[in-house]
Amino acid sequence: MDFYINALKGVLTFGPIAAMIGATILGVFIGALPGLNPVMAIALLLPLTYSMDPLVALGMVAGIYNGSMYGGAIPSILLRIPGTPASIATTFDGFPMAEKGEASKALKIACYSSAIGGIASAIALMTVGPLLAKVTLLFGPAEYFWIAVFGMASVGVMVGSDPVKGLMAALLGLWVGTIGLDNLSGQARYTFDQTWLLGGMPLIVVLVGLYALPPVLQLAEKSDFKGLSAAALKLQAVPFKPGELREMIPTWLRASGIGISVGILPGAGGNIAAFLSYNTAKNADKDPGSFGKGNPKGVAAAECGNNADNAASMIPALALGIPGNVVAALVLSALVIHGLQPGPQLFQLSPVLVGGFMMEMLLTSLLILFLGGALSTRVFAQFQRLPGVLLVPSILILMCVGVYVINGRAVDLWIMLCAGVAGYFLEKVNVPLAPIILGMILGPMAEQSVRRALLISRGDATELVTRPISAVLAIATVLVILWPIYKAMRRKSSLESGAGLV
Amino acid sequence: MERRQDLSLGAIFVVLGIAAAWGATAYSGASGIYPMVLGILLALCGAIVLIRAIRSEIAAERVLIDAPVKLYAAIAVGVIYVALVVPLGFYTSSFLLMLALPFALGFRRYAYALAVAAIFTAIVYIVFSVFLERPLPREAILTLFGSGG
């Protein structure tokens, strides 16, 4: 309990409170603009947080994350354009409600559901996270090595549509992580006598390029010249029927449970949580036929599900150093920026920071209740009148200012540009980007752990797999990698037997 | 399309992996073994993608670029911007980018673009130079007029 009381004392000061309020508003705005997404916004924000207090920086990350998950519902409901990938399921019933003149009501439901999902998820993080961290106190260098490898393998295999390309991306990230001075021997690797490479490939610069530039290039390709008309953004107040909100409680409970479970699993994201919650609500309803035609429970399930994924995805990230999704990987990057090594020791070494961040996830979910809703939606929706083509240079400028202020080097701008263009094409050929960043974050930890473990065992490699926990983690890693191969072989044999029957 | 893309992707990663492994031979002891193993695994994954693409008979449609002219225009303007940020100064080059990039993409409402460029540049100046006091590349125009800037 002291853990949270101390953390709360840190959070309830002017800096973190102002950061949370400002970032939640900014998050709703980012979520509401199709083409902008939370990952891009957090990537843009991170370079600016270098000189800030870590709790202020993490408060901003929490606000943007939770705010944008709700913000995505605004264009989903008003225009059937999902603001973020996680709000696709919100369009199914949100837009039909808007067509019936109930847009204001749908937005209120989205607001309440997002807040409830976020709060449930933050409570799960606050209870499960520290427990999991206690287990990890038993870990030595061999276990840390396997945790890093397991994290990369599972995200690499599960995050994209092609496991081989996912693993390839993780290996690329690991290799990029070796560029620069080797921490253990002091040897320069892959630096080609360039002094600017001695410190390694700058993580945040690559991250901003990989995550912010591809959506900007896609916006450029779309080149929206008009923006939206004022008429499309008009709202009419519709009151709730008696008992209507009470009827949604089972939907909220189910969606929260589903979102939290999906969040803990590595690789799955808010969009999967929203789809699963929506389908479960539909199947459990007395009138499943009304879903897709403007059933408020459809909006409630989707929005509660996608917000319940948020804080839960931080459980493996904070306790094990394995991010469940890209935003969790960005939070780990934020910790690295402030000199903290993600992973099991984090709860021991920086309890106020970890506890504070959990509190911030909870408080920003609560803030949605006050900052969301129909009135603020009217304001946020107005930004959609801006032609999309003008967002392209604006975001590019923000990327450049963010990257330049890190080291004050022009070369970082070129690295960002190259990483961004590479990211654009890699995504197009189904190579996921998250494992690259994860490899860069976890690579140094994996290398140092394996080399320490081998030093302790005097070069005996069997030590890596003979301790019970490391053996379990090694087997889990092999299973994670072999599972897609087994699935592919089964699919092939069933296809062949199907063809044989014909 | 998809087959050709995967052939190129696999080949790029095979070359990158071999180059990384070969480069690692120059580093002594454990410093070299780890990146060498990574290079070999990277080349192996690339080879799997390559072999799969060679054996695949389906040439499914997968569009690499939706609007090539606009994409190349955006990248070209972006490259010029990055090249000009230091010599011209951050705000001058950013203001020019706000006008040039929408124009290159076909936006022709000049007054609108000018107004947004002026407002946005002013906001960026207030946030980054006034509030956050971040050092950004100095404006060449100020040096030209001999101001301290």
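Is Phe139(A) buried or exposed? Phe139(A) is buried: 21 other C-beta atoms sit within 10 Å, and a residue counts as buried once 20 or more do. That makes a handy way into this structure, which is a predicted model, with two chains to look at, A and B.

**Chain A as a whole**

Let's start with the big picture. Chain A holds 23 helices and two strands. Its radius of gyration is 23 Å, close to the 23 Å that the globule rule gives for 502 residues, so chain A is as compact as a globular protein of that length. Laid along its principal axes, the C-alpha trace of chain A covers about 70 × 65 × 55 Å. Out of the 502 residues of chain A, 60% count as buried. Contacts across the sequence are worth a look too: take those in chain A with a separation of 6 or more, and 80% of them come from residues 24 or more positions apart.

If you go from Phe139(A) to Gln187(A), you move 48 residues along the sequence and end up 28 Å away in space, C-alpha to C-alpha.

Now hop over to the loop between strand E2 (188-189) and H10 of chain A, where Tyr190(A) is found. Asp193(A) has its place in the loop between E2 and H10 as well. Here is how the backbone of each one looks:

| Residue | Phi |
|---|---|
| Tyr190(A) | near 50° |
| Asp193(A) | near 60° |

For Tyr190(A), phi is a positive value in a residue other than glycine. Asp193(A) also has a positive phi without being a glycine. What about their surroundings? Tyr190(A) has 20 C-beta neighbours inside 10 Å and therefore counts as buried. Asp193(A) has 7 C-beta neighbours inside 10 Å, so Asp193(A) counts as exposed.

On the H6(A) side, the contact is made by Ile88(A), Ala89(A) and Phe92(A). H12(A) brings Asn271(A), Ala274(A), Phe275(A) and Tyr278(A). Sort the residues of this contact by type and you get six nonpolar, one polar and no charged.

**Where chain A meets chain B**

Which helices of chain A each supply at least two residues of the side that touches chain B? First, the overall count: 41 residues of chain A are in contact with 49 residues of chain B. The helices in question are H9 (163-176), H10 (203-222), H19 (391-407), H20 (410-428) and H21 (434-456) of chain A. H19(A) gives the largest share of that side, with nine residues. By type, the side of chain A that touches chain B splits into 28 nonpolar, six polar and seven charged residues.

**A glance at chain B**

Chain B comes in two parts: domain 1 covers 2-55 and domain 2 covers 68-144. How many Å separate the C-alpha centres of these two domains of chain B? They lie 39 Å apart.

Note on methods:
Residues numbered from 1 in each chain as written. Chains lettered and ligands numbered in written order. Predicted model: local features only at pLDDT ≥ 70, side-chain atom pairs only at ≥ 80, totals over all residues. Domains from an automatic or database assignment. Helix = DSSP H or I, 4+ residues; strand = E, 2+ residues; numbered from the N terminus. Rg over C-alpha atoms; globule rule 2.2 N^0.38 Å. Buried ≥ 20, exposed ≤ 12 C-beta atoms within 10 Å, placed from the backbone. Contact = placed C-beta atoms within 7 Å. Nonpolar A, V, L, I, M, F, W, Y, C, P; charged D, E, K, R; others polar.
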